[in-house]
Amino acid sequence: MIATPTNLAMIELHDLCRLFGTTRAVDHVSFSVPRGSVFGYIGPNGAGKTTSMRILATLELPTSGDALVDGLSSVNDPDRVRGRLGFMPDGFGTYSDTNCVEYLDFFARSYGLVGRDRTRRLRYVMQFTGLEPLAMKPIRGLSKGMRQRLCLGRALIHDPPVLVLDEPAAGLDPRARIELRQIIRSLAAEGKTILISSHILTELAEMCDRLGIIERGQLLATGSVDEIRQNLQPDRQVRLKVASSVEAAVELLSKHTSVHSVTAIDHTITFKLEGTETEQIAVLHHLCDARVEVLEYSGQQNSLEDVFLEITKGIVQ
Amino acid sequence: MSRVSHPLLDDADQPGWWGWIDGKTERGTRLLNPILIKEARQALKSKQFGVTFFLLLLASWFWMVIGVVMASPDIYYVPSGVYLMTGYFLLLSVPMIAMVPLAAHRSLAAELDEGTFELLAITKLSALRIVTGKLGSAVLQMLVYFAALVPAFGFCYLLRGIDLIMISLTLGLVFMASLLLTTFGLLLATAVQNKAGQIFALLFLLFCILMTEIFCASFAIGVVLAQQLTWETGSFNFLLLFGAVAISFMVLFVQAAASRIAPVTENRSTRLRWIMFAQQLLWVTAMAGAALYDSDVDILSFGIVMLGIYWIVMGTLMLGESAELSPRVLRTMPQTTFGRMMLLWLCPGPGTGFMFAILSAIAGCATLGGLAFVFAMSSNYSNPFLTSVIVIGYLTMYLGATRLIVLPLSRRMGNSFVLPVSVMVILLTLGVITPSILMAITTGAPSSQYGAQEFTNWMWTISETDGSRFAFGLEVAAFLIVTIGGGLFVFNLFLLVREFSYRRVSIPARVLADDQERMKVAAAGE
């Protein structure tokens, strides 16, 4: 592995743009991923995820802007970037009459690995991805999950510090997804910087340190799951169940400055609250002080899917 | 879980005699192209290769029996080697000239088609290594096919009537033809990426294979095996020149295929231009040598016309290059004023390509035309000096006009070789038919006699340089061609300013730091 200065962000996108005719596939996208972290890239189909990942992987040129891996431009110094980056594309072709170990050996040779370094690396990757029992199996006979593992193994074969994984969980069964999630977490624990895109939003929330939500080529939000929720949905949905005096409770809540959208159905009142958990506790105190008989009081946070649906409009370019 | 045993997962350098051999061969494979190793593994497992090989073996045994039976009883006292060799040549030419180039073409086209090329593109393999790997694999297959027939060639030699030189020449011819077609097939695989284009490319390759098969068969059977080649007639010199030109085109095709698949951030032109320069040097030397050796001035005229055709094709293709160069390419360009003056025309860009084609053609044509002038070589049938002037004039005229048309169009349609080639074909066609149409409109019938008004008709004008039919209007036409060509050349020069302007590009600090890191790692390794 090539030594890298630790003070650099391992992945940086600077004002990246990519036009296809009049379509803006990537529209002034900027973000950075610190060393050793997992960055989830979420967006609907045609949002620009794959295009920006392909630019980062030196397979496509941006119309403007730059994509850096370990401080090196994938536009101007692609050969230096390639040694530091493992790319797993959404769909990948395989060779006929080739088995798993021959496939990985070929790519190990293509990355310049020789002698003991190559065999050691091959053994490690076969074991890490769980492909050892399938070493002699022809690639054409592999299941979708095993093919994904093989592709991940190919991306890992030269021990790159950065991994770019485009929809690695697409088409996998639940068990294979869980195993893939464990693999990615263990790679992050090894210090790899990972950029991963997926439609399985809950899984991304579990395995990623930070997320970026992209639609129509524009980055709509970045940050941790909680930060995104906080920034994009400052209101908390609160549910209150009272034993009696519903009207009094509604009136009291309506007068509260941080509360709005109060609705009551039977003895259940729902309202939106601006602010943090402290605000939520303050409102409960206020209700109790006014002798409102509270049976249940709970704050509901939107799931990542809800936040995603809230932010994106589902417009396809 | 117990470890899976596989030769590729075991370290070389195991103890013992076999371990020592394993270690040495492992070190040997480090020198090999990974594509060659992969393709060899695939080929040895593929049904197509296995079936072809065994069919070839079977056919050769079959022909051995049939040939001997048919040649009996004469075979006991009449030399029959040539007779049997003819059959073996035809047998070998099928896999060599048809199967190997097609397999190489499909192999590279499939990489581009099925998305595996992208996985290769992000490894350390350069585009040139990918193409040469495919070529190496094709050569390996050729050698295996040769090996299948080696006993048969030995049998032919023992039957007498054919010497080792003739056998070598026959095999060399098949090998060269196969190699040339393979490199061309690789280039065709990269030329078009859409389905319709790929089908057209495949059909074109099949046509070329058929033509080569016919040419090779008639040459091998009618000339080589008929023992028509002699040192006295200079036919070996012709073969030598033919071989040298074929090799130069193989190198050109391989480099062009690599340039086609290389990323746009790479310098995809300079090597190609050096190869073109070497080809011109080879051609001019051969033509000058042949003309002086035979005191035949017609060879010079032929050489000039061929140079004109070569540069109009290459110049047109170079007009499709992108003028936008990545900072990485700019960093590798000559940085001093003197360096730029001398070497910029070898750097990528349509403007530099235009200049390179014109200046090279002028140098080549002037050398051949000047040779006739200096040595006072003359003929009733050609005038090399006038031919060279007219060819250079046409080159500047048509290439200059194409560039002026392509320049604004490429800004809208993007850079591609299709645009300049289309424009050039239209211009050349219009150049031929327009004078006749104008004459037909004004006089009611196209002119049957050459006149100055036919100056755009390159086909007629060049044929008029034939001294036996010297036409009155030719000098006027030549003057018009050179004047218009010169004018277009000067006009194009003004448009080249941007490509020629001085741009010093510094190396980013991170790249320098990376170089230092690599040097440290290398020093630590030593």
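**Reading a helix pair and a sheet**

A: This is a predicted model. Begin with chain B: the axes of helix H15 (residues 384–413) of chain B and helix H16 (residues 418–443) of chain B come within 9 Å. They cross at roughly 140 degrees.

Q: Which term describes how H15(B) and H16(B) are oriented to each other?
A: Angles over 145 degrees count as roughly antiparallel, and 65 to 115 as roughly perpendicular; the rest between these ranges are oblique. H15(B) and H16(B) are therefore oblique to each other. The crossing of H15(B) past H16(B) is right-handed.

Q: Which residues make the contact?
A: H15(B) contributes residues including Tyr398(B), Ile405(B) and Met413(B). Among those from H16(B) are Pro420(B), Val423(B) and Leu428(B). By class, this contact has twelve nonpolar, two polar and no charged residues.

Q: Now the sheet. In what order do its four strands lie?
A: Strands of a sheet pair through backbone hydrogen bonds, either parallel or antiparallel. Here the order is E12-E13-E11-E14 (chain A), in an open sheet with antiparallel pairing.

Q: Which strands stand at the edges?
A: Strand E12 (259–265) and strand E14 (294–300) of chain A do. Each has a single partner strand, so one side of each lacks a neighbour in the sheet. On average, neighbouring strands are turned by 20 degrees against each other, direction ignored.

Q: How many bridges join E11 of chain A to E14(A)?
A: Six, and the two strands run antiparallel. Val238(A) stands opposite Gly299(A) in E14(A).

Q: What does helix H10 of chain A touch in the sheet?
A: H10 (residues 277–289) packs on E11, E12, E13 and E14 of chain A. Its direction makes about 165 degrees with that of E14(A).

Technical notes
Residues are numbered from 1 along each chain as its sequence is written. Chains are lettered from A and ligands numbered from 1 in the order in which they are written. This is a predicted model: local features need pLDDT of at least 70, side-chain atom pairs count only at pLDDT 80 or more; totals for chains, interfaces and linings use all residues. Two strands pair if DSSP finds at least two bridges between them. Axes are lines fitted to C-alpha atoms, for helices over the stretch in contact, and angles run from 0 to 180 degrees between N-to-C directions. Two residues are in contact if their C-beta atoms, placed from the backbone, lie within 7 Å. Angles under 35 degrees count as roughly parallel, over 145 as roughly antiparallel, 65 to 115 as roughly perpendicular and the rest as oblique. A crossing is left-handed if the near helix is turned anticlockwise from the far one by less than a right angle, and right-handed if clockwise. Ala, Val, Leu, Ile, Met, Phe, Trp, Tyr, Cys and Pro count as nonpolar, Asp, Glu, Lys and Arg as charged, and the others, Gly among them, as polar.
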